[in-house]
Each structure stands twice: as C-alpha cells, then as structure tokens.
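Open your viewer, show the cartoon, and get ready to pick out pieces one at a time. Each stop on this tour tells you what to select and what you will find there.

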Amino acid sequence: MTDLSHYRNIGIFAHVDAGKTTTTERILSLTGKIHKIGEVHDGEATTDFMEQEAERGITIQSAAVSAFWKDHRMNIIDTPGHVDFTVEVYRSLKVLDGGIGVFCASGGVEPQSETNWRYANESEVARVIFVNKLDRVGANFYRVVKQIEDVLGANPLVMVLPIGTEDNFTGVVDLLTRKAWVWDGSDDPMNYELQDVPADMADQVEEWREKLIETAVEVDDAAMETYLEGEEPDMETIKKCIRKGTRELVFFPTYTGSAFKNKGIQLVLDAVIDYLPDPTEVEPQPIIDEEGNETGEFAIVDPDEPLRALAFKIMDDRFGALTFIRVYSGKLEKGSTVLNTATGKTERIGRIVEMSADDRIELDGAQAGDIVAVVGMKNVQTGHTLCDPKNPATLESMVFPDPVISIAVAPKDKGGSEKMGIAIGKMVAEDPSFRVETDEDSGETILKGMGELHLDIKIDILKRTHGVDVEVGKPQVAYRETITQRIEDSYTHKKQSGGSGQYGKIDYVIEPAETGEGFSFESKVTGGNVPREYWSAVENGFKKSMDQGVLAGFPCEDVKVTLMDGAYHAVDSSALAFEIAAKGAYRQTMPKAGPQLMEPIMKVDVFTPEDHVGDVIGDLNRRRGMIKSQEAGATGVRIKADAPLSEMFGYIGDLRTMTSGRGQFSMEFSHYAPCPRNVAEEVIKEAHERNNAKK
C-alpha cells in the first residue's frame, strides 16, 4: 500500500520563455530521471518532444513525468506558457494538487503569468514561486517580489535571498537555516558548499528572516503567542506554519536561482515536499448529477473507495493513443472494466504506463492520487469521468472557451481527404479548444481555434506529424450578430394540401437580451390560444434560426423572444407547423429589429523597448485599438490595449519590424463589441459574395 503522504502532483507554469521547461529538465536531472540534460534552446528538452515544440522553443502540450526526491514521488506536469494554449494550463490545473509558478528575474510578472495565476487561484491550487534566470542581464529578485505583490495581489513569502546577481550570481542564502548555498562555476547542480552567511549580507538576512517568521506564525495562534512573548518557535513549528499558510493560499514560499546554471533547484524541490499538499490534503473533487449540479458527495482520496478518475488529456504519439488520467479515489487495474459516464459505455483497461516525458514504464495498476496514462482507449475524451460500473458517479467536467478564429483547409491531392479527416479527428480529441466543422454548402473543412499561432501550429502538425499536405485559406474572424430594437409582431403559417393541412399563428415580441445571455425564450400565453405542448416547438424554431443571422449569416446572440398569443386549429395544427411558424417569424422580424454585427475584441498585452513606445501605440491606434494602460519596467514598457481580432492578423511580424525584433505580445479573447459601420458593411459584402460563390 503506497503512503499517499509521500505523493505530490504538481504543475510548473509561467509566462512563455520564463524557463519552465528548463526548470523541469533540472528537476528531472536532479531526481535521476535523465542523465544527459537537454536544453530548450538546442531543441532537446525531454518534455518538449513534439517537433514543433523543439523548433519554436515553446511548450505546446503539457507533458506528464514522474520523478522521485527524498522518498517522495512527484508527478510533474510541464504546461505551456503561450496564451493560445491556456486551455492546456487550465486542464492541467484541474488535476493538480500544487504548483510551481516560475517567473523570469528580468521580465518579472508577464501577461501570461497573470492569466495562469488567475486560473490557479480559481482552481485553488497551492503554489511555491521560483524566480528564475537570476544570471540574466537586468535580473532583480526584489523587483519581481514587489511585482508579485502589486500585479498579482499575492503574498510572496521570501524563503531565500540571492548572493550576487547577473554574472556575479553564485548562490542563495536559506533564511530559515541561515546557511548559504554556494555553487562553483562548473554548472553541476551537486557542486555546492554550505557556508556561513556572507558578512555583507548579515543584516539583510536577519531583516528578511524576521519578516518570514512573523508572516508564518500568523496562521497559528499558539506559535503567534510564543513569538510575541519574545521566543522564536522551533524549526518544526515554523515549517508547520509555512505548510499550513501555503495550503490555505495565505502566502506563497518564494525561491530564486538559475535553472539554466543549475543553481537553487534543490531548495525548490525541498519546498515542494515540505510545503505543498499531498493528494489527501486537497479539497476532494465534487460529484455532479446529469444537469451538472453538485450532489453533495465527493470523490474521497482513498484507494479503498470506489473508482473515480478523470481523463484530462489525450495524446497521440508513436506508440498509439494515450489517455492521461488522474485517479481521485479507488484503484485502476490492468484488465479491469470501467464505465465512462459521459458515453454510458464501458471500456477495458489495457496497458497502464507511467510517463517519463516520451518514455514509458509499464504498470499493473494505479490508485487514488496517481497520474498515469492508459494506452488505446477508444471513446474517452478530455473531461470524461471513468468510474466503477457498479458504483457510477460523474466528476465535474471541464469548460472550454469558444474559438474566435477559423481557416478553411483542403487537401492538395484528392486522395488526401480521408487521411486529413483521420488526422484532424485525432487532433480534435487531443485539444478541446480546437474545433472542426464542414461547410455544408461548399464542402470545405473549417478549422477553428484560439488564435493565429494556435491554428498555425495545428497546420504544421497536420503537415509534418500526419504527413497531410493542405492548402490553407485566409483566416476568418468569428463574428456574431445581435439586435438593438424591441419589435412586436405576428406571423401565421398556413399550408393547405390534400387531407390535413398545417396551421400555426403566433404573436410575439423580439427584443435585445442582456450581453452574454445568449438566447432566451418565455411564453406569456394564457387561455390556451397556443396549447402548452406547442410552446417548445415555437422555442425550437427560433433557437434553430439563431444559428444564422440576417445580416451576414453569422450566429445571432443576446436575443429574447416572448410568445404573447396566437391561434391554433384543432385538426391542422401540429408541433411542426408551430416550429415552421417560428422560423418564418424570425426571417420576417429580425431585419426590422435593428440587426447589428458584433466583432471579437482581444485583450492585447505588448512589451516593447522604451524607444519604440510611440511607434507601437501609433500602430495599435491604427488597428482600432483602445490603449488601456502603459507601465514602464526595467527593460521596457508594457502596453495593455483592447483591439479587434480582425485587425491583429500578422501582428507579430509588424511588431518585430517596429521594435528591431525585441517586442513581444500576447493576446486573449475579451468580449464581443459592435462593429463600426464601415467595417460591418465590408464584412457583410464579403459574406454575401462568399454565399453567392457557393451557389
């Protein structure tokens, strides 16, 4: 029986390029998982095993790896930092018990760190902080600590102080033990000495140590009293307090070092074991009913309970399809049968493997607290619950944002369409924020995603990983339509043909709903003029019509329909007749209700060196951007703006040109807003031309 208190399920997350993957590499080398250390900038990182990751130096999929440190087992998930892949971060956080937030010592708290931090707060994941790249030019540990307080509104509990900085960074002082860890210049993580605190840092160390203990004892009344009486609590009590405060998200133990230069990683690993929770210490996952409401029951982390597990990631690699599973309670055994509550079907568990990046170790089974991969599951998708067939239960599933950008793809040769279909099917299973649909009129395959880079990489994977050569259309923005006026109207559907005819009359009001409300329907019919059994048919008719707006055929949103009155015929009326009446009413009334085109607005976060700020702001204004704020940092200026997605295509190239290659930006969907008239006219004209071409 494995002792669950020796388990840690952790994720490593941060802004793109803060050094997460390098940090993971160092952890794996220290825990003996890899012998030769791979470098991200050489394209050789263990967890970046996709070609696209190695080339671009960014992590796209979250890789899961198991490692051991001081008799503790760690399941580590390295998540991507790039904003187009936040869905990967989000679903990883769902199955983690703790995390390491990595920040760059010169870049500080960057846009993506904010998004990831927000997700981690929402998922209530305890974290330790690692301020990385202290050997970098412009590195400043204390500035980053201040930013974590100001920008993230978090409380960093400083556990170590750096000795030197930039080129002179040699080690760290552990504030609790008052010992200096000093590494020699060999870049071997094991070549360090424990020394006394450097004389010129003695006062600073005492000052920060006092701050550390004061903050830690605040979570425990007895320790607080001892401390106020002038007595320092013993080391065990202080560590207990830090563990409690970390688990309750009161503060976040903060470390520093340089993963690339192999300095400071051991202390972070010790912190994971000392302060982050084991699977039994985390709030258990709630069980939900068919409507998605919590039932009041929980998946208790205990191997003797019935099986409850969540599939959180699906990946296709050279060995076949892998389903990554977090086991919350019970045991998952090879050869056993489990029930998938989403499909209602059972599946047999074939091979269970523990992942070491893209290597695998065969296992006979897994138990509560484990993260493992199962090979060859057929009908399981991300967010599905696997459970004991005799004891069915569903865990809260994951919600994924809607895509905002689409492109049309077609295979270059005729024979490629089946191959393309299979490849895209696999990719959709792997990434729930990536969608595909077929345009019924033109037969085109439309891919939808979270941003330009997202789709760019999907095309790359299609071409290289799956060997499908495709032609790509230009990116299309996912516009929406809505209405601005309230209209009262009436519509009668009447059709007479031999035998019984069709008849349905409805009086109704169509009006704008609250933003974000989607479509809502209400019936105020009294006296049975429209019998109750036909109300849902009227609702269905309107609801189905909403998929196609009257301006340019984009989905229509935020509309409220109220059925006021109507009439029916004892023989000729039917649900179908009333549904057809509602569809006709939609076509008749929507053009009168002030239809309006809505465009997706993106939250844009641009980093630029100071001497290019004017150019960048001027360019954002030209793209109809609204500048929200600008903040000067040590190495440049961050500009936050809202800008329409349609104006942001190809922005990365323009930004690099303007800033001599030094600018960076990230972008995520914010909201829909009305389109200016001139833009709307252009979009509507293009949509009509496209539709005519299809005919």
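To see a pair facing each other, show Lys 495, which stands opposite Gln 502 of E32. Before going further, please remember that you are looking at a predicted model.

**The four-stranded sheet**

Now widen the selection to the whole sheet. In which order do its four strands lie? Reading across, the order is E31-E32-E34-E33, in an open sheet with mixed pairing. At the edges are E31 (487-495) and E33 (519-523), each of which pairs on one side only. Turn the view to look along the sheet: on average, neighbouring strands are turned by 25 degrees against each other, direction ignored.

Select strand E30, residues 480-483, and show its side chains. Arg 480 and Thr 482 point one way, while Glu 481 and Ile 483 point the other way. Are these residues buried or exposed? All of them are buried. One place to look is Thr 482, whose bridge partner in E35 is Gln 596.

Move on to helix H10, residues 416-430. From first C-alpha to last, its 15 residues reach 21 Å, close to the 21 Å expected at 1.5 Å a residue. Colour Gly 416, Met 420, Ala 423, Ile 424, Met 427 and Glu 430, which are the buried residues in H10. They cover an arc of only 110 degrees around the axis, so they sit on the same side of H10.

**A helix and its covering**

For another helix, select H6, residues 202-217. At 1.5 Å a residue its 16 residues should span 22 Å, and its end C-alpha atoms are 23 Å apart, which agrees. Show the buried residues of H6, among them Val 205, Trp 208, Arg 209, Leu 212 and Ile 213. What covers the buried residues of H6? The covering includes helix H5 (141-152), helix H7 (221-228) and helix H8 (235-247), as well as strands E6 (156-158), E7 (160-163) and E8 (171-174).

Arg 178 has a relative accessible area of 35%, so it is partly exposed. Leaving out residues up to four places away in sequence, Arg 178 touches Val 197, Glu 206 and Arg 209. Try the distance tool on Arg 178 and Val 197: they are 19 residues apart along the chain, with C-alpha atoms separated by 6.5 Å. Arg 178 also has a positive phi of about 55 degrees, although it is not a glycine.

Now jump to Lys 133, in the loop between strand E5 (126-132) and H5. Lys 133 is not a glycine either, and its phi is positive, at about 60 degrees. Buried or exposed? Lys 133 counts as buried, because its relative accessibility is 14%.

**A three-stranded sheet**

Select E12, E13 and E24 for another open sheet. Its order is E13-E12-E24, and the pairing is antiparallel. The edge strands are E13 (294-299) and E24 (394-395), each pairing on one side only. Three bridges link E13 with E12, residues 285-288. Show Pro 286 and you can find its bridge partner in E13, Phe 298.

**Step back to the whole chain**

Finally, zoom out. The protein chain has 16 helices and 38 strands, and of its 695 residues, 54% count as buried. Among contacts between residues at least 6 apart in sequence, 72% join residues at least 24 apart.

Colour by confidence as your last step. The chain averages a pLDDT of 81, and 86% of the residues score at least 70. Two stretches to find are residues 33-62, where pLDDT stays under 50, and residues 81-85, where pLDDT also stays under 50.

Definitions and conventions:
Residues numbered from 1 in each chain as written. Predicted model: local features only at pLDDT ≥ 70, side-chain atom pairs only at ≥ 80, totals over all residues. Heavy atoms only, no water. Helix = DSSP H or I, 4+ residues; strand = E, 2+ residues; numbered from the N terminus. Expected span 1.5 Å × (residues − 1). Buried < 20%, exposed > 50% of the residue type's maximum accessible area, 1.4 Å probe, protein only. Arc of directions from axis to C-beta. Pairing = 2+ DSSP bridges. Axes fitted to C-alpha atoms, helices over the stretch in contact; angles between N-to-C directions. pLDDT = per-residue confidence, 0-100. Contact = heavy atoms within 4.5 Å.
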